[in-house]
Amino acid sequence: MSLGHLLDLTEEVQADVAALDRSAPELPSIGVSGEIRVPAERRQEFLADLRSTLQDLFTRYGGAEGDAFKLAVACYPRGRRRP
């Protein structure tokens, strides 16, 4: 995936979240952020594990019934922070 796609995804998630009804008593959601350090020689293994884990979730919960949740995952190299 390209950086442009990641930026488009970020904008889409921001618009989706902004459109939610914040007055609703309960909005089932989760936000997780973290940093994973992967040696270069294990990068492909990591990405394959991530893909497999997500595919498992889509398979188990991808039915036609129930509440629809949108899942967006972004994985990118962390650059240096600007002062």
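**Reading the terms for a predicted chain**

Tutor: The protein chain has a radius of gyration of 16 Å, while a compact globule of 83 residues would have one near 12 Å. The radius is taken over C-alpha atoms, and the globule rule is 2.2 Å times the number of residues to the power 0.38. This is a predicted model, in which local features need pLDDT of at least 70 and side-chain atom pairs count only at pLDDT 80 or more, whereas totals for chains, interfaces and linings use all residues. Residues are numbered from 1 along each chain as its sequence is written, and side-chain values use heavy atoms, with hydrogens and water left out.

Student: How many helices and strands are there in the protein chain?

Tutor: The chain has two helices and zero strands, where a helix is a DSSP run of H or I with at least four residues, a strand is a run of E with at least two, and numbering starts from the N terminus. The C-alpha atoms fill a box of roughly 45 × 40 × 20 Å along the principal axes.

Student: What makes Glu 12 and Lys 70 a salt bridge?

Tutor: A salt bridge needs a side-chain nitrogen of Lys or Arg within 4 Å of a carboxyl oxygen of Asp or Glu. The closest N and O atoms of Glu 12 and Lys 70 are 2.0 Å apart, and therefore the pair meets the cut-off. This pair links distant parts of the chain, with Glu 12 in helix α1 (residues 3-18) and Lys 70 in the segment after α2 (43-61), 58 residues apart.

Student: Why is Glu 12 called partly exposed, and why does Lys 70 count as exposed?

Tutor: Buried means under 20% relative accessible area, exposed means over 50%, and partly exposed lies in between, with a 1.4 Å probe and protein chains only. Glu 12 has 37% relative accessibility, so it counts as partly exposed, whereas Lys 70, at 53%, counts as exposed.

Student: What makes Glu 12, Asp 16 and Lys 70 a network?

Tutor: The three residues are linked by salt bridges, and the side chains of Asp 16 and Lys 70 meet in one with an N to O distance of 3.2 Å. Asp 16 lies in helix α1 and Lys 70 in the segment after α2, 54 residues apart. Asp 16 itself is partly exposed, because its relative accessible area is 35%.

Student: How do you know that Glu 35 and Arg 78 meet in a salt bridge?

Tutor: The N to O distance between their side chains is 2.2 Å. Glu 35 sits in the loop between α1 and α2, and Arg 78 in the segment after α2, 43 residues apart. Glu 35 is partly exposed because its value is 42%, and Arg 78 counts as partly exposed because its value is 48%. The structure holds six salt bridges.

Student: Why is Asp 67 called exposed?

Tutor: Asp 67, which is placed in the segment after α2, has 67% relative accessibility and therefore counts as exposed. Asp 67 and Asp 16 are 51 residues apart in sequence and 16 Å apart in space, C-alpha to C-alpha.

Student: How much of the protein chain counts as buried?

Tutor: Of its 83 residues, 2% count as buried.

Student: Where is Leu 27 found, and why does it count as partly exposed?

Tutor: Leu 27 is in the loop between α1 and α2, and it counts as partly exposed because its relative accessibility is 38%.
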